[in-house]
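Here is a short briefing on one structure. Look at the sequence and the 3D view, then read the points below.

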Amino acid sequence: MSNIEYKASAATLDTAKPYNYNKRMEPAKVIRWTILFLGGVVMIMPIVFMMSTSFKWPHEIYNLKIIPDDPTIENYTYVLEDGRFYKWFVNSLIIATITTISAVIFDSLVGYTLCKFRFRGRMIVFVAILSTLMIPTEMLVIPWYLMAKDFGWLNSYWGIMFPGVMTAFGTFLMKQFFESVPDDFLEAARIDGLNEFQIWWTVAMPLVTPAISALAIFVFLGNWTAFIWPLIVTNDPELYTLPVGLTTFSVEQSVEWELIMTGAALATIPTLIVFLVFQRYIIRGVVMTGLKG
Amino acid sequence: MKSWKNTLMGITAGATIALSAGASQAVEIEYWQYFFEARVNAIDTLIEKFEAENPDITVNQTTFPYADYRTKVAAAIPAGEGPDVVQLFYGWLNDYVEAELISPLPVDAFPPEQIRAEFFPMVQAMEKDGQYMALPTAVRSLALFYNTRLFEEAGIDGPPKTLDELIETAAALTKTDAAGNITQVGITTGMNAQDHHWVREVLIRQFGGDPYTGDYQTVTYNDDAGAAALQWYSDLQNKHGVTQAGFMDEPQAAFKAGRAGMHIDGSFRIGALNKTRGLKWGVAELPAGPDGTQSNYSSYWVNAVTTKAEGEKEAAALKFLAFITSDEAMQIWLDTVGELPAKPSAGLTDANRADPVFGPFISGLAYAKTTIFANESGQRQVLMDAMQRILLEGETPENAIGIAAAEEQAILDGYYK
Amino acid sequence: MNWYRKLSIKQKQVVWAWSFLAIPVLFYTVIRFYPTFGAIVLSFQNWNLLGAKTWAGLENYQRLVADPVFWKVFSNTFIYLLLGTPISLVISFVIAYHLDKVNFLHATIRAMYFLPFMTSAVAMAWLWRWFYQPVPIGLFNNILSSLGISQFPFLNSTFWALPSVLAPAVWAGLGFQIIIFMAGLRSIPQSYYEAAQIDGVGPWTILREITLPLLKPTIVFLVVFSSIGFLRIFDQVFNMTTNDPGGPLNSTKPLVLMIYDTAFNAFNMGYAAAQTVVLFTILLIVSLLQLYVMRER
């Protein structure tokens, strides 16, 4: 299968192009569409309400209006003036970005090696990595915490990141995708005098870009919303990630729901924008995980 | 990242010293407390004054939400990550002393006889083997906050003086909507806030009981008095319908929002309420019991120097601790936070006693009891659960208090065994 | 580099492979396997983080078996699983099945269902916590009240608190499951349906005899994926019940919250480690069941 064919086959996985044969309007179809559409409205309603509340004055927040009578950005001014949200945002962004880059590189390198090299111990390494999928993070947080304490990693970006710099799931996913890269390509590159690292990086990796983008999105989203480990490993509010910071902030505010909703909106908006911009890739990523995972 | 920052700061500091040879090196110490806006502001003010007097010392304040504070402190200090001076709840100190994480205060700078004479007697619990381990800036007691606007609206002339009057007053203040839901409570309730102290040290005593033996190692409230106290407290919701647990998520939130007529809280709430615009409120002593018994609960937070502070950091930490427990600091604390000075000489002034806001708290202090907790959050949970059993599962107060007593005794036994 | 040139092509490959794997093998050994054994060893010890570790033998496990809170938490954890997995799978299948047949604004509707998946569980927990408040601040109860219906207890009930905490978790996960189901539906060859239509088989039979059996790999994947998710529920519970951690009378407390409390509030590291070993065992059984079911294929 050539590169182009490969991309084409990945594109057909996009559910945006449903099969549909007749375009006639039938009552049953209209009802189905209407119910599905209303269901979709119900699904996004909580998020719409959160956004709407973040633009309301305190006395207005308990009414059920979606469009505020007198919209204000006062809540955002208050929350952002605090300054911590900005820091938490930057922390989350740095941590999620570095972890994503690291996981994409290592997971695809390991996946590639386990897929395309023949050597003794290959199966042992593969099964060992795969078996770590069965170890829940929650079991490891206590030993990790003790490790971080002993090595002085508490309260550092590295402390938050180290458990996630490689993922077993990503390795498995990438190995599955490298199966579809023909060995002839690699052999041709070898004859051209490229070394193994160059072959992986310049020949194999470009052939699996859809898989890489899917993996990148998942790792990023996972780290962006991660809660329990950053909660445990950070003591310094300067180093909180957005979810941990949001918890702290909300407990402090207790009743000022418009401020809590503003904080929640600030934590949500970035991923929603990412989704709206990269919708196609994200959906395709989910689809590929479902089919290959 | 942090270590990178430190390195950079180290390099910068090194360069500065090299350039300005002879300049004395600044000592930087870390101060920790939980997040409560008024307390944070008070410490900020104190740090500013302290740094002006001691230009060679820099104090950094770090805060955590109350819910995480104990965890964060306990995790950080043994790891050598934590503060040089730390604020701890009086009930937690023992654990830290036993784990040798707290340095005793040197006798020459903090003479025990003087402290014994000057501070409120309850602070003596901080003395161990002839040395004080920690000192408070302020002490706190409970009082009844009431919303004066809602009182006027309901035509009530003053706060209730007894528990019976409290029920009448609360009934007049309660509002419901067409569907029968409470939209304004007469009095807030919630064991998760200060009510567990009210029940434990005040109501149980007012109904003729004693919550614990003198050493607080044995629970003694599993009797008629305990059951009567819990009965009275749960009747506020179940029988009189003047309150609702969980109303507006938190009791103080409902009072702040002007949706509660009365609210029992500590003196530390004063600062926050003062800042709430449009809220008019007054303070009264806690209502007396059926036989006229008055009681109150007092507690305090102490400042301690951790074993992490060594050498010149320890000297700076001790200096800072002495400063924040001085008379001057106590007055600043009273003005900013509303917590009462830990020394009678500073606290029991005529001006403070006559103050309409501080007065009831100071009067309450005279007959207050201080619970010695083995595990405050665990013991609080026991009373929270007892209340949930009555409200949500229809358990009788007699059974609920029995279960609570057994559970709390298990916590105490586990701690003191 | 002389030794390298002397190697055969096969041997060179081996050298490359192991140099690619060196860091990852170290990582998985130090960050995954070593801590796993660390947790198991710790579960046989007593340690409060401040003092010294002492051997406890089976004490932590005996304590676990005798702890009524543990059994409550254990059953809560399975209620999350047994309610969450079937409910979310049935809803997402029904939506996927119908959405698959819709053309007009397909991508828009799909995006609406998927949007909640992109949110952070912490932010959504606070949002839903607000919705669940009693009158006069809770959104749901205000709606009920404006209709003249008396309010519903939601989080303030030993029975309803757990479903209330579960609802946002199901809501946020639906979009992901819908997309996977649609992909599964697409991968069924069209010829099967055409053949069935020629035979004049009704839509219910098609669903039962063709669609569902051919969707088995998808269903197994989603069952395992969402089961593991519900067994590990934490973020929602932690944030929705900060006033009374784990809900009234522990009615919403899952295993992971108990682990967190035991380890990082009570500092009972050995006891917490024993609880993580239980969680590990449960997840192991679920994963092995998956392997077993997939093997039958």
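A residue counts as buried if 20 or more other C-beta atoms lie within 10 Å of its own. By that count, 49% of the 417 residues of chain B are buried. Keep in mind that this is a predicted model.

**Chain B as a whole**

- Chain B contains 18 helices and 14 strands.
- Its radius of gyration is 23 Å, close to the 22 Å that the globule rule gives for 417 residues, so chain B is as compact as a globular protein of that length.
- The C-alpha trace of chain B spans about 75 × 50 × 45 Å along its principal axes.
- Take the contacts in chain B between residues at least 6 apart in sequence: 74% of them join residues at least 24 apart.

**Where chain C touches chain B**

- Chain C gives 24 residues to the contact, and chain B gives 27 residues.
- On the chain C side, 11 of these residues are nonpolar, 12 are polar and one is charged.

**Two helices in chain C**

- Two packed helices are described by the angle between their axes and the distance between the axes.
- In chain C, the axes of helix α3 (residues 59–66) and helix α14 (residues 269–295) come within 9 Å and cross at roughly 70°.
- Angles of 65 to 115 degrees count as roughly perpendicular, so α3(C) is roughly perpendicular to α14(C).
- The crossing of α3(C) past α14(C) is right-handed.
- From α3(C), the contact uses Asn60(C), Tyr61(C), Arg63(C) and Leu64(C).
- From α14(C), the contact uses Gly270(C), Tyr271(C), Ala274(C) and Gln275(C).
- The residues of this contact between α3(C) and α14(C) are four nonpolar, three polar and one charged.

Definitions and conventions
Residues numbered from 1 in each chain as written. Chains lettered and ligands numbered in written order. Predicted model: local features only at pLDDT ≥ 70, side-chain atom pairs only at ≥ 80, totals over all residues. Axes fitted to C-alpha atoms, helices over the stretch in contact; angles between N-to-C directions. Helix = DSSP H or I, 4+ residues; strand = E, 2+ residues; numbered from the N terminus. Parallel < 35°, antiparallel > 145°, perpendicular 65-115°, else oblique. Left-handed = near helix turned anticlockwise from the far one by under 90°. Contact = placed C-beta atoms within 7 Å. Nonpolar A, V, L, I, M, F, W, Y, C, P; charged D, E, K, R; others polar. Rg over C-alpha atoms; globule rule 2.2 N^0.38 Å. Buried ≥ 20, exposed ≤ 12 C-beta atoms within 10 Å, placed from the backbone.
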